[in-house]
Amino acid sequence: MGKRSRQRQKNQNASRDDRDNAGWGAGYADIIKENKLFEDYYKEQGLIPEGEFDQFMEAMREPLPATIRITGYKSHAKEILHCLKEKYFKDIQELEIDSQKIEAPQPLSWYPDEQAWHTNMSRKLIRKSPLLEKFHQFLVSETESGNISRQEAVSMIPPLLLKIESHHKILDMCAAPGSKTAQLIEMLHSDMDVPFPEGFVIANDVDNKRCYLLVHQAKRLNSPCIMVVNHDASCIPMLQIDSDGGKDILFYDRVLCDVPCSGDGTMRKNIDVWKKWTTSNSLHLHGLQLRIAVRGVEQLAVGGRMVYSTCSLNPIEDEAVIAALLEKSEGALELADASADLPGLKWMPGVTSWKLMTKEGQWFSDWSEVPSSRHTQIRPTMFPPKDPEKLAGLHLERCMRILPHHQNTGGFFVAVLVKKAPMPWNKRHPKLRKSAPTQTGGSLAADVPRLLPEGSAEETEDGGPGGRGDGETENAGTPLAQEAAGKQDAVCGPPPSKKQKLFGYKEDPFVFLTEDDPVFTSIQSFYDLSPDFPKLNVLTRTHEGKKRHLYMVSKELRNVLLNNSERMKVINTGVKVWSRNSDGEEFGCAFRLAQEGIYTLQPYIRSRIIRVSVEDIKVLLTQENPFLSKLEDDAHAQAKQMGMGSIVLKYIPNPNNPSEPQCPIQLCGWRGKTSIRAFVPRNERFHYLRLLGVEVFRDKQGLGQKSRDGAKEEAAAATKAEQEGELENGDENGSLEPKIEGGNKESSIS
């Protein structure tokens, strides 16, 4: 390592230590929240209502409130909300710290069903009160187990405006870090009784490393309907699927186009933006944003909705992109009026006039004013349309701009587009290649058109969005081929002639099992799978050797995977449903159930199920290997009749006893010789115990010594599982035993 690199690392470590040892935001103490260019620019643009500019700037300098969202698709979302209100918010309302009354968290007025809340409590304040520390522990633990998401308020808006239904095929073009993707998945699973919704989410990001952050977010939701891919959104490949016996192009019902932006709406949390902001940021990004948006509407089905959003207030990144997109579409797209979709949300209508400013402070109102020396930096699409009639027809006032001082949020821009017809360049410039004559059932199929390979040079013609007919230099993305002919005779194009170079880690393959795969023989008989169990949806990640884990995806995602393995780079998909446990072979099955996939798999399992009560669950989650006799009579009798091996522990709510949780609970377990064990990750244990009214705490060193009661069989199975990494989130000594309030001293989580 060179001298300069060592010095840089030393400086980075020093600054990190300074932040760690100081209060919230102390690492930014040297950043002054002033930027004259920013103020001059937004004053001149006139985006802020008259007389409100000082309030706007004041709000931009204030820290952003923390916001949380309760995961909506899980049936126990109501139980979590009840727990929050009754156990935490009530007590916080009466709390005083340093003679100052604490403001309790408030629901976001525009988010449905009180599923999103915001609070002004800082980390410094949380450390001063044991009650707030308990609340903080609750939030951290529930976030890790996927039941709560910490997400900026304005970031929650785009998925709501998409109006997701369970059958929708959804593309999230720039998905990392994944909070909006999580919302989309939740909406697909609004009905928990349907293990495999017909719809799915394909979440894409150009950054390979950020894709793994996306995987982490998505995995918390345990959905078989999510696939994470790694592509440049501006040229994300068209996919093909099997349809009615032939091949068809995959068009999405919904597209989320949350593009990279200058981020000046995030100044309240990203304080670096204050010193880095300049008008050239938006000028550099406009072309990319337009290319991504064009690629999005190309892949959108006719009748579908696309939401375009940025966390920037700048019209060059907002209305200018929308106006250019609408002009290119020649009536195929229209801006939807979303004013009534989120009652309670305050927003400003989109603007119809704006100007450009260079970083030197020079203003331009029209393309004709721009000197030729700046034509590579400033493009015609950055200006509003000249024709007043055409401008009025675009209805740019239907765009929505959220200003920070109106509801104490970040700044944001969102527009909802509806596709009325195929894009004009798809209709006007068909470039079809005739396939070689083939004999099919006695007839000659000589004139069947073939779609060009993705990225073919022949695709782009002058006048289309990728050509130069309109004076643009940036390539705005090109279609795979024209949409109208895309479905003709159900014929799909050949794979690219040259294999795309993919960067990042080489992923393990996705290998689907056949219906007669030998692994199903023991699984079928041991768990008595129902005849409608979709064996073809089961996959593994290895071609050779023993199958270690089995995953499941929905039928629709299987279709996408099988038809596009050469066309796209898949980072992750599927939810784990079984894991190999060699000790299980002597009991009849080498695969034990995985907690991640239990809600997906359980509807198909007809044996190995033990009905348990609230008290049974408390015993199972607080003791490592309780003897069978510790269970209540009903569960004890069921367990005694069952052989050793993997089991489902199922709690069904009693509507006549409202004091107990009113949501079903399903846990994976292991029936040993004389004892029983729950195979549940630590954070999920905490979650379920809280639902049952048990307060739990974690200490930083671990959660106590491992329990030694129980027979050797399940202890060995547990050890084996831990070695395979199956009991995720366990502490260092392998114990998953939580501390129960009353018996143990409280301690905080790091």
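Residues are numbered from 1 along each chain as its sequence is written. Because the model is predicted, local features need pLDDT of at least 70 and side-chain atom pairs count only at pLDDT 80 or more, while totals for chains, interfaces and linings use all residues; side-chain values use heavy atoms, with hydrogens and water left out.

**The whole chain**

Begin with the entire protein chain in a cartoon view. The chain contains 23 helices and 35 strands; helices (H or I, at least four residues) and strands (E, at least two) are DSSP runs, numbered from the N terminus. Of its 750 residues, 56% are buried. Buried means under 20% relative accessible area, exposed over 50%, and partly exposed in between (1.4 Å probe, protein chains only). Among contacts in the chain with a separation of 6 or more, 76% are between residues 24 or more positions apart; contact means heavy atoms within 4.5 Å.

**Salt bridges**

Side chains of opposite charge can pair when their charged atoms come close. In the whole structure, 25 salt bridges are found, a salt bridge being a side-chain nitrogen of Lys or Arg within 4 Å of a carboxyl oxygen of Asp or Glu.

Select Glu-34 and Arg-61, whose side chains form a salt bridge at 3.2 Å, N to O. The two residues are 27 apart in the chain: Glu-34 is in the loop between α1 (3-20) and α2 (36-45), and Arg-61 is in helix α3 (residues 53-61). Glu-34 is partly exposed, at 46% relative accessibility, and Arg-61 is also partly exposed, at 25%.

Next, select Arg-401 and Asp-318, which are joined by a salt bridge of 3.4 Å, N to O. Arg-401 belongs to strand β18 (residues 400-402) and Asp-318 to the loop between β13 (300-310) and α12 (319-329), so this pair ties together parts 83 residues apart in sequence. Both Arg-401 and Asp-318 are buried.

Then move to Arg-210 and Asp-205, a salt bridge in which the closest N and O atoms are 3.9 Å apart.

**A pair of packed helices**

Two packed helices are described by the angle between their axes and the distance between the axes. Select helix α4 (residues 77-93) and helix α22 (residues 682-691), which pack at an angle of about 70° with their axes 10 Å apart. Axes are lines fitted to C-alpha atoms, for helices over the stretch in contact, and angles run from 0 to 180 degrees between N-to-C directions. The two helices are therefore roughly perpendicular, a term for angles of 65 to 115 degrees.

Now show the side chains. Glu-79, Ile-80, Cys-83, Lys-87 and Tyr-88 in α4 meet His-687, Arg-690 and Leu-691 in α22.

**Two buried residues**

Select Thr-600 in helix α19 (residues 598-601). Thr-600 is buried, at 4% relative accessibility. Leaving aside neighbours within four places in sequence, Thr-600 is in contact with Pro-195, Phe-196, Asn-222, Pro-224 and Val-575.

Finish at Ser-329, found in helix α12. Ser-329 is buried, at 1% relative accessibility. Apart from neighbours within four places in sequence, Ser-329 is in contact with Met-423 and Pro-424.

Definitions and conventions: Angles under 35 degrees count as roughly parallel, over 145 as roughly antiparallel, 65 to 115 as roughly perpendicular and the rest as oblique.
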